[in-house]
Amino acid sequence: MTAVFYRGVTATYPLAVRAEGMYIYDQENKQYLDMSGGAAVSCVGHQHPQVVAALCDQIQTMSFAHTAFFSNEPQELLADKITGKFSEDGAKIYFTSGGSEANETAFKLAWQYWRTKDQPTKKKIISRHHSYHGNTYGALSISGNLPRRRVMGDILIDWPRIDPCYAYRNQRPGESAEDYGLRAANMLEDMILQEGADTIAAFIAEPVVGASLGVVSAAPGYFRRIREICDAHDILLISDEIMCGTGRTGTFFAHEQENFLPDIVTLAKGIAGGYQPLAATLTRAHIHETFVTSGKGFDHGHTYVGHASACAAGLAVLNVIDQENLLDNVQKQGDYLQAALEDAFGDHPYVGDIRGRGLFRGIEIVADKQTKAPFPDDLKITKRLKQATMKQGLICYPGGGSYQDNLGSHILLAPPFITQPDHIDQLIEKLRAMFDEVLDV
Ligand SMILES: Cc1ncc(COP(=O)(O)O)c(C=O)c1O
């Protein structure tokens, strides 16, 4: 008997008892190769001694001092470190505890920014279909993921959404990648004109879409055009890098590879590598300055904002990434991973697409490679893939909905940045066994 209200109310879970490097062990000492860092969290692997030591030091010195009364050294140092990696000077960071809170902070920044600028009608936040920006009321309202929205009935706010930039499914035959990127971005302008720019506060998107589509990068030029459109219509651009940021794609910020500067960036997951719950909302200087000069300030806060131990973990994780040059390994092993996946499954009859950047890769499963049709819902492919991974002693992240609604399956891979070829070779063998079991239809 358990008193725990589990995520899956009828599910049973093995008890995780220890972890080290690339592996987690359960109470029966079964080993699980962690090739998704849970959900793109464990970026420096498990129990990294430098992170553990820094965290222990901080907890012994001062675990917590409420940031309504004090700042603390880890928060100051971490903010310096992250803003130092942003390409414009003067950015500021608001630290919270999880991705949903980081996005809620971003939305509140956008709303209060426009009110401070005497434009209170600018309220709506445009997002994209299939998107996931968190599970709190505001963040889920602004997410486009239908299965996750549906369970809330008609309670959520329903704001405008445009199609994602998803070349595998939406690029037309004969259309160049650049033309497709432009066409997909222009959907934002059409939506703004339809709704009225004076009603829109912000547009939010993931530069590389994670769990809801299975690692989808935008077509070339897409985000540069999105930036132009936002500038032309006075709309804030929020880059949700909760999953794809903090080095996951090979650069610290995912937007760096798209050559655009967002107004607000949200980070979580990898930022403290799972050692503590931590998230960050970075805002450009001009937004912060608006709150300062107006004298109205920014009205927001949670008990654990800027939590000293959480920020100490974040600082230690980012130090490890820098000191061990882990982003070089992300790029190197990312290329190896892509090549190994293509080599093993490129000709698989049910593998439609293998894609991604750095150590962030997706495999889209289809019933028919020509038509890209998904498997019927009643085959429950995503659920069976999830069960098969655990049986294989593998942590990866199968997801659904990459076609429409809950149809379409993909597997997300987001291994720790310390991954070596040997781990990738083990992954391929485990995936092969899973596909043999589940995709034998
Ligand atoms: C892109 C993105 N945004 C926001 C969130 C919400 O983060 P959290 O689960 O930490 O609240 C997630 C979580 O998976 C995510 O992938």
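**The chain as a whole**

In the protein chain, 72% of the contacts with a separation of 6 or more are between residues 24 or more positions apart. Two residues are in contact here if their C-beta atoms, placed from the backbone, lie within 7 Å.

Before going on, the ground rules. This is a predicted model, in which local features need pLDDT of at least 70 and side-chain atom pairs count only at pLDDT 80 or more, while totals for chains, interfaces and linings use all residues. Residues are numbered from 1 along each chain as its sequence is written.

The protein chain has 14 helices and 17 strands. Helices (H or I, at least four residues) and strands (E, at least two) are DSSP runs, numbered from the N terminus. Of the 441 residues, 51% are buried. Buried means that 20 or more other C-beta atoms lie within 10 Å of the residue's own, exposed means 12 or fewer, and partly exposed is in between, with C-beta atoms placed from the backbone.

The C-alpha trace spans about 65 × 60 × 45 Å along its principal axes. How does the radius of gyration of the protein chain agree with that of a compact globule? For 441 residues the globule would be near 22 Å, and the chain has 21 Å, which agrees. That radius is taken over C-alpha atoms, and the globule rule is 2.2 Å times the number of residues to the power 0.38.

**The seven-stranded sheet**

Now the sheets. One is open, has seven strands in the order S4-S12-S11-S10-S7-S5-S6, and its pairing is mixed. Strand S4 (92-96) and strand S6 (161-162) are the edge strands, each pairing on one side only. Two strands pair if DSSP finds at least two bridges between them.

Inside this sheet, strand S5 (residues 124-128) and strand S7 (residues 200-205) pair in the parallel sense over three bridges, and lysine 124 stands opposite isoleucine 200 in S7.

Helix H4 lies across S4, S5, S7, strand S10 (236-240), strand S11 (264-267) and strand S12 (279-283), and runs at about 25 degrees to S12. For such angles, axes are lines fitted to C-alpha atoms, for helices over the stretch in contact, and the angles run from 0 to 180 degrees between N-to-C directions.

**Helix H9**

In helix H9 (residues 222-232), the buried residues are Tyr222, Phe223, Arg225, Ile226, Arg227, Ile229 and Cys230. Their cover includes helix H8 (177-195), S7 and S10. After H9 comes aspartate 234, with a positive phi near 60 degrees.

**The four-stranded sheet**

A second open sheet has four strands, in the order S1-S2-S3-S15, again with mixed pairing. Strand S1 (16-20) and strand S15 (394-395) stand at its edges with a single partner strand each, so one side of each has no neighbour in the sheet. Helix H14 (residues 421-438) packs on this sheet, touching strand S3 (31-34) and S15, and its direction makes about 110 degrees with that of S3.

S1 pairs with strand S2 (residues 23-26) in the antiparallel sense over four bridges, with alanine 19 opposite isoleucine 24 in S2.

**Two hairpins**

Strand S13 (residues 351-357) has seven of seven residues buried, so the rest of the structure largely encloses it. Six bridges join S13 to strand S14 (residues 360-365), antiparallel. The two form a hairpin with two residues between them, where glycine 358 in the turn has a positive phi of about 55 degrees.

In strand S16 (residues 397-404), seven of the eight residues are buried. S16 pairs with strand S17 (residues 407-413) over five antiparallel bridges, and tyrosine 397 stands opposite leucine 412 in S17. This hairpin also has two residues between its strands, and aspartate 405 in the turn has a positive phi of about 50 degrees.
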